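Please read the following briefing alongside the sequence and the model. It begins with a single loop residue and then moves through the chain as a whole, its sheets and one of its helices.

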Amino acid sequence: ARRGIRLTDAYSNSPVCSATRTALITGQYQYRFQCGLSEPLFMDGLGLPPEVPTLPSELKRHGYRTSLVGKWHLGDMPNYGPLKSGYEYFFGILGGGADYFEHRHLILEHGYKSEGLIEGTTPVEHDGYLTDLLGDRAVSELEEADREQKPAFISLHFTAPHWPWQGPDNEAPGVPNSMHFEGGNLRIYADMIERMDMNIGKVIASLQRLKLIENTIIVFTSDNGGERFSNVWPFTGAKTELLEGGIRVPTIITWPKEIPAGQESDQLLMSMDFAPTLLSAIGKARKNFQSDGVDLIDVLKRIKPPFNRQLFWRYHAGNQAALRDGKWKYLRLAGKEYLFDLHYDQHERADRKYLESDRFEKMKSDWLVWNDTMLPYPEGMDSHSVTNFFPDRYNVESTH
């Protein structure tokens, strides 16, 4: 953050992973795609259609070596996959998470194991802690692009700190004390974060060694807010909720050659903005690349000041809805509606809908108009994300 810009009002497109990843790769609201309506995506035949233009497919057209290292979670092979959606190289997992030592996703109650690590389209076996394997492979991809004398675009999608709760020194593959609800503690969570941090440092060191650091854009962000052992203060809520703790995420961007160092900005930003912003940064924005996101490169460079915009969300579990407009936020959660002034009350406790009734009604109306432009949720859609993540939270008394 000291060498770039920290964005204090940055958001994920969804409070769960695969829906946000749909928006990240396409630059569009995830609700425009059937796979984006599954929150999160289970391998049920859905996926990102290969014909959809993506950020990596655009960069590949312009000579970039495009690599995904880590988590995909946008559909299972052979119909879907990173190599069908613009990535030239893939090393990682197809699903939402995996054991950090066995590299397979085990769900005890279903007895289901994924295929493990994939390289390209082929299952492979490697020994080691998953976070370390991903960090090392990102470094090798940088070196390969350098040997080819091609610019690199690497999506380094660590699974950390996604469960199972396993630090590098507490190997417990496939046993209950590492599983989602049955296991974990603050020390293990810290170990997982520290190891991720170490591997980010490894990638930055390789950019310095290759003399690429000055003209490389690095984006650090998350696909949803905190869960279980994370600290989201001063916000409330968590993963699967449209409270700030479920969608406002740490975001740091560095580009020493172009972005002044030591900045902090309250520019409103969403995951889908990275596609148009990065394409603009390399001067390759294309008019027929459909995007709901906004090109923010001039704001990051301090050529233009921050500006207001509207950001919209919905989430099937709990019939949730949200709209951020400047400092104001409209929220619908568990059958109740709220209006919050986030500059005055980041904790989302002072409901202003009666004091600002006109504003409340206008924002609610704006959300309804926007929602009519998106795909509807399938009839009878299973709200599995409620029972899987927070089985007791979806009532007003416990949540709010």
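**Briefing on the predicted model**

Pro164 is found in the loop between strand 9 and helix 4, where helices (H or I, at least four residues) and strands (E, at least two) are DSSP runs numbered from the N terminus. The peptide bond that leads from Trp163 into Pro164 is cis, with omega near 10°. This is a predicted model, in which local features need pLDDT of at least 70 and side-chain atom pairs count only at pLDDT 80 or more, whereas totals for chains, interfaces and linings use all residues. Residues are numbered from 1 along each chain as its sequence is written, and side-chain values use heavy atoms, with hydrogens and water left out.

**The chain as a whole**

- The secondary structure of the protein chain comes to ten helices and 17 strands.
- Of the 400 residues of the protein chain, 54% count as buried, a term that means under 20% relative accessible area, with exposed meaning over 50% and partly exposed lying in between (1.4 Å probe, protein chains only).
- The accessible surface of the protein chain, computed by the Shrake-Rupley method with a 1.4 Å probe and, for residues, with only the protein chains shown counted as cover, comes to about 17500 Å², and 51% of this belongs to carbon and sulfur atoms.
- Among contacts (heavy atoms within 4.5 Å) between residues at least 6 apart in sequence, 66% join residues at least 24 apart.

- An open sheet with mixed pairing is formed by five strands in the order 8-7-4-3-9, and two strands count as paired if DSSP finds at least two bridges between them.
- The edges of this sheet are strand 8 (122–123) and strand 9 (152–157), each of which pairs on one side only.
- Strand 3 (residues 65–71) runs parallel to strand 9 and is joined to it by six bridges; in strand 9, Ala152 is the bridge partner of Arg65.
- Helix 3 (residues 130–148) packs on the sheet, touching strand 3, strand 4 (89–93), strand 7 (118–119) and strand 9, and its direction makes about 175° with that of strand 3; the axes behind this angle are lines fitted to C-alpha atoms, for helices over the stretch in contact, and angles run from 0 to 180 degrees between N-to-C directions.

- Strand 14 and strand 15 pair in the antiparallel sense over six bridges, and Phe312 stands opposite Leu323 in strand 15.
- The hairpin of strand 14 and strand 15 has four residues between the strands, and Gly318 takes a positive phi near 75° there.
- Strand 15 also pairs with strand 16 in the antiparallel sense, over five bridges, with Ala321 standing opposite Arg332 in strand 16.
- Two residues separate strand 15 from strand 16 in their hairpin, and Gly326 in the turn has a positive phi of about 60°.
- Five of the six residues of strand 15 are buried, so this strand is largely enclosed by the rest of the structure.

**Helix 8**

- The 15 residues of helix 8 (residues 357–371) should span 21 Å at 1.5 Å a residue, which agrees with the 21 Å between its end C-alpha atoms; the expected span is 1.5 Å times one less than the number of residues.
- Phe360, Met363, Asp366, Trp367, Trp370 and Asn371 are the buried residues of helix 8. They cover an arc of only 130° around the axis, which puts them on the same side of helix 8, the arc being that of the directions from the helix axis to the C-beta atoms.
- These buried residues pack against strand 14 (310–315), strand 15 (320–325), strand 16 (328–333) and strand 17 (336–341), whereas Asp358, Lys362 and Val369 are exposed on the other side of helix 8.

**Loop residues**

- Pro40 lies in the loop between helix 1 (17–26) and helix 2 (55–61), and the peptide bond from Glu39 to Pro40 is cis, with omega near 0°.
- His103, in the loop between strand 4 and strand 5 (106–107), has a positive phi of about 65° although it is not a glycine; at 2% relative accessibility, His103 counts as buried.
- Gln149, in the loop between helix 3 and strand 9, is a residue other than glycine with a positive phi, near 55°; at 74% relative accessibility, Gln149 counts as exposed.
- Leu210 is placed in the loop between helix 4 (186–209) and strand 10 (218–220) and, leaving aside its neighbours within four places in sequence, is in contact with Leu142, Glu143 and Asp146.
- Leu210 and Glu143 are 67 residues apart in sequence and 7.9 Å apart in space, C-alpha to C-alpha.
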